[in-house]
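Here is a short tour of one chain, written for someone who likes to know the cut-offs behind each term. Please keep the viewer open as you read.

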Amino acid sequence: MSARGFTALLEDAADRIADISRADLQVMLRRAALRLRNAGGISMEDDVEDALRNLAGELGMTRNDMIRFIVREWMEKNTYLPVHALDEDGDVDGSA
């Protein structure tokens, strides 16, 4: 079930709470708790979600770390954030 469908189901249940059985309400609340626990804050379309998880796995990152990395890179490349430039004239540690 999609997030929108589930949200509509919860809203419908809230509108007719007296008509919902205790067991059905329990199931909906458990599903809602599970979705909130696993949400990560941002939901994507299925194809984007799959690509994001695959890329995060390849790079050894979590989904949320991957999203933060992508957003930072995009913001730097589009000049919304300053780029971390290396100082070529500065001293460096290590062997030459």
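## Basis of the model

This is a predicted model, in which local features need pLDDT of at least 70, side-chain atom pairs count only at pLDDT 80 or more, and totals for chains, interfaces and linings use all residues. Residues are numbered from 1 along each chain as its sequence is written, and side-chain values use heavy atoms, leaving out hydrogens and water.

## Overall fold

The chain has 4 helices and 0 strands, in the order α-α-α-α from the N terminus. Helices (H or I, at least four residues) and strands (E, at least two) are DSSP runs, numbered from the N terminus.

Of its 96 residues, 12% count as buried; that term means under 20% relative accessible area, with exposed over 50% and partly exposed in between (1.4 Å probe, protein chains only). The accessible surface comes to about 8,400 Å², and carbon and sulfur atoms hold 54% of that area. Areas come from the Shrake-Rupley method with a 1.4 Å probe, and for residues only the protein chains shown count as cover.

Glu-76 lies in helix 4 (residues 63–77). Is Glu-76 buried or exposed? Glu-76 is buried, because its relative accessible area is 11%. Beyond neighbours within four places in sequence, Glu-76 is in contact (heavy atoms within 4.5 Å) with Leu-81, Pro-82, Val-83 and His-84.

Glu-45 sits in the loop between helix 2 (22–38) and helix 3 (46–59). With a relative accessible area of 53%, Glu-45 is exposed.
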